Amino acid sequence: MSLDALYQQIILDHSKLRHGEGLASEPAPVGASCGESHQLNPTCGDEITVRLAVVDGRISQLRWDGDGCSISMASASVLTDLAEGIDTEELRQLIETFREMLRSRGTITADPEVLGDAAAFEGVARYVARVKCAMLSWVAAEDALGQATA
Amino acid sequence: MVAIPTHLLHSAATLDNDEVRRIRNDFPILHQQVNGRDLVYLDSGATSQNPLSVIEAEQEFYEQRNSAVHRGAHYLAVEATESFEAARETVAAFIGARSDELVWTSNATEALNLLSYSFLNASLPGAPAESAPFALRDGDEIVVTEMEHHANLIPWQQLAMRTGATLRYIPVDDAGALDLEEAARIIGPRTRVLAFTHASNVLGTITPVASLVDLARAQNTLVVLDACQSAPHMPLDVKALDVDFAVLSGHKMLAPTGIGALYGKAAHLNAMPPFLTGGSMITTVTMEKAAFLPAPQRFEAGTQRISQAIALASAANYLTETGMARIHEWETVLGQRLVSGLSALPGIRVLGPAAGEERIGLAAFDVDGVHAHDVGQYLDDRGIAVRVGHHCAQPLHRRLGLTATTRASTYLYNTTDDVDALLEAVAGVRSYFRV
């Protein structure tokens, strides 16, 4: 298992570009049902706050602020791209698929048709200590989604 | 003229790479490959490795003498008890203490909690009169430093919260040095406890113990020394330092996990209320109440960590035979090589003292643009083991404007090649992550 399989180019790019970063940069859409969740990884101090807005059953906006490693930051950026525009049930399913892939210790091959850029995190599944990094924003989104659809 | 045997001449000399390579042969775990490279272990500040003699000491106990101590009249019980108490004498002597002043604990964290909870028990209504010197109340102050490991912070936060005492701290400057002028202002007649680390697990600084003890002695203040990063790495004499209490963790000094020690002046230990209660720490028990043994048994309720204590004594012997002054001297060389090498790399900020200034054999650093977790992963890929994160010192990291750093920490089994391997690898981190 080479380091390059963990740090794929897509991950390094997203860790720099960070789509969706900045809670304050853009307010939540008027009339949207919103949820916000803060998650912390106490072992490394990584943290993220994800705000998710739902309009007519679809994710109209996902914004986040975070501080953490390239895996956690890239994961939040990829999540933003994937989540915006899909409906709430699709997002729930996507989060579950991503979680299953990460927890498989490399036994599940990521399907780019389903996971899109998130398939690039396949290598993370082989580094058990880094799975939490990749999941951090997704767990926050799951919690925020629960609030927004409660 | 009497000829001095060559091996004695050799053992008195300064440690060097050749001698360290011989020492490495005593550590089975170091001889392996990680990710296709020879393991470079630079995480002894978190946990150290065990020489074969220590592993064998623990195994020998289980093969030959395993039994509960301080009970039973059979052969094995006597053997186990004698070994256990001999281990106490060895470890006490290692830090300059008497054996009745050394209490076994699971680790330094438990030792500090023992103090905190004992002081809490002394503060409760109905506490025995002799424990009054340890009672805290509203208006009293506990003083720590801003560089403390969480283990020497949170037990005191909790004690303050429960007794109404106030927790104060001595700040550090931007370079991580303690502000001693501020310390002199903070430590006063209300200061009941002063707890501080002997050597910082993040900054590598050595605390001016004598200056702080002087401030405490001018008041009615109990001094607690966290010796986790000093006892394994430099000569330690708790009597000479004149501290009231000191704590250490075995796994940071070549021993297994699960064993540590609390040193306390005998008069203190015998007046303090127990923390954990139960078997082995009592004299007379009725259905209503119990009387307690003197220290150290007073603080050793239940069946003890016997094999671990024996292994810790074996580790102390290994360190003594190698020579604590030589170990400290060698690790100073490694620490300076770390800080000067890292500081010379672009985008690397080393925490704590600059090159040429006093530091123990560790260095924590920030890599501009690359998170510590990624640095650690990159180094691991090259077989180099370091610690990443806040190193259980979040307030210190916050003070220095950081959330996480990478820490390389050495021990007597590290060569300058290990340091150079780290430096070479760190030099490639930023380009790998496209910074």
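**Notebook: strand pairing and helix packing**

I began with S13(B) and strand S14 (residues 362–367) of chain B, which pair in the antiparallel sense over 3 bridges; two strands pair if DSSP finds at least two bridges between them. Helices (H or I, at least four residues) and strands (E, at least two) are DSSP runs numbered from the N terminus. I looked up B:Ile348 and found B:Val367 as its bridge partner in S14(B).

The model is predicted: local features need pLDDT of at least 70 and side-chain atom pairs count only at pLDDT 80 or more, while totals for chains, interfaces and linings use all residues. Residues are numbered from 1 along each chain as its sequence is written, and chains are lettered from A and ligands numbered from 1 in the order in which they are written.

**Sheet, chain B**

I traced an open sheet of 4 strands in the order S13-S14-S17-S16, with antiparallel pairing. Strand S13 (348–350) and strand S16 (387–389) are at the edges with a single partner strand each, so one side of each has no neighbour in the sheet. Neighbouring strands are turned by 30 degrees against each other on average, direction ignored. Axes are lines fitted to C-alpha atoms, for helices over the stretch in contact, and angles run from 0 to 180 degrees between N-to-C directions.

I then noted helix H13 (residues 372–381), which lies across S14, S16 and strand S17 (405–409) of chain B and runs at about 160 degrees to S16(B).

**H11 and H12, chain B**

The axes of helix H11 (residues 306–322) and helix H12 (residues 324–343) come within 5 Å and cross at roughly 75 degrees. B:Leu319, B:Thr320 and B:Thr322 of H11(B) make the contact with B:Met324, B:Arg326 and B:Ile327 of H12(B) (C-beta atoms, placed from the backbone, within 7 Å). I sorted the contact residues into 3 nonpolar, 2 polar and 1 charged. Ala, Val, Leu, Ile, Met, Phe, Trp, Tyr, Cys and Pro count as nonpolar, Asp, Glu, Lys and Arg as charged, and the others, Gly among them, as polar.

**Chain A with chain B**

I logged 11 residues of chain A in contact with 13 residues of chain B. On the side of chain A that touches chain B, 6 are nonpolar, 4 polar and 1 charged.

Definitions and conventions: Two residues are in contact if their C-beta atoms, placed from the backbone, lie within 7 Å.
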